[in-house]
Amino acid sequence: MASPDSPTPDPSAKAPGRPARADSRRNRERLLTAAREAFAATDGKAALDAIAREAGVGIGTLYRHFPTREALVEAIYSAELDAVVTSAPALLSDLPPEVALRAWMDRYAGFFAVKRGISETLHAGWTSGTIATPATRERITAAIGAILDAGAKTGSLRADVEPEDVTMMLLGVFMSTTAANSPHLTERLLDLVADALRPTTDGPPSQ
């Protein structure tokens, strides 16, 4: 029998080896969504208690999921990177390669915008080692390579372009349009990149 002085069990605590409760997972997703929006609107300066309120939870719930601001930022970045990378095969399953490529560019632009909003905390965490350094460039380039390979097989995209070159072009677009804060300019430049990746003739796919 438990002693009267024994601490009251936390009903929200997860038992070892047991999957996270559905409401705990929902709270985590709501916190990530609220944090993404708040950081984007404040250049990463949003207060954690304001994020918790926006997510509809208490600050204690936020700290249970993300003990520090760095942990929250790292979770946002990791989730966004996973989403943009896995969106490539998903788009290819539904769209022709050349259309999938242009749609994926928009998804990558969204990822870059999220990264920009949390860049100060990210870079400080990477420098200090409190945030793990992800293989972002490699994973993004691999996603581009998968789309280019699919397009080369159908003849809808050039087969003589290196994925890394496309990564560099896209980064150039995003970095050059950040200061202008012009979505229309970004869209126009991405259209130009997409056009440059189409074959110049209607001949068979390059071998």
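Visitor: Among contacts in the protein between residues at least 6 apart in sequence, what percentage join residues at least 24 apart?
Guide: This is a predicted model, in which local features need pLDDT of at least 70 and side-chain atom pairs count only at pLDDT 80 or more, while totals for chains, interfaces and linings use all residues. Residues are numbered from 1 along each chain as its sequence is written, and side-chain values use heavy atoms, with hydrogens and water left out. A contact means heavy atoms within 4.5 Å. Among contacts between residues at least 6 apart in sequence, the share joining residues at least 24 apart is 67%.

Visitor: How many helices and strands does the secondary structure comprise?
Guide: Helices (H or I, at least four residues) and strands (E, at least two) are DSSP runs, numbered from the N terminus. Read along the sequence, the pattern is α-α-α-α-α-α-α-α-α. The secondary structure comes to 9 helices and 0 strands.

Visitor: Why does the pair of Tyr77 and Trp126 tie together parts of the chain, and how many residues apart are they?
Guide: Rings of Phe, Tyr and Trp (its six-membered ring) pair if their centres lie within 6.5 Å; planes under 30 degrees apart count as stacked, over 60 as edge-to-face and the rest as tilted. Tyr77 and Trp126 form an edge-to-face pair, with 5.7 Å centre to centre and 80 degrees between the planes. Because Tyr77 lies in helix H4 (residues 69-94) and Trp126 in helix H6, the pair ties together parts whose separation in sequence is 49 residues.

Visitor: Are Phe112 and Phe174 buried or exposed?
Guide: Phe112 and Phe174 form a tilted pair, at 5.3 Å centre to centre and 35 degrees between the planes. This pair links Phe112 in helix H5 (residues 97-117) with Phe174 in helix H8 (residues 163-178), 62 residues apart. Buried means under 20% relative accessible area, exposed over 50%, and partly exposed in between (1.4 Å probe, protein chains only). Phe112 and Phe174 are both buried.

Visitor: What is the relative accessibility of Glu54?
Guide: Glu54 is found in helix H2 (residues 48-55). Its C-alpha atom is separated by 8.6 Å from that of Ala35, 19 residues apart along the chain. Glu54 counts as exposed because its relative accessibility is 59%.
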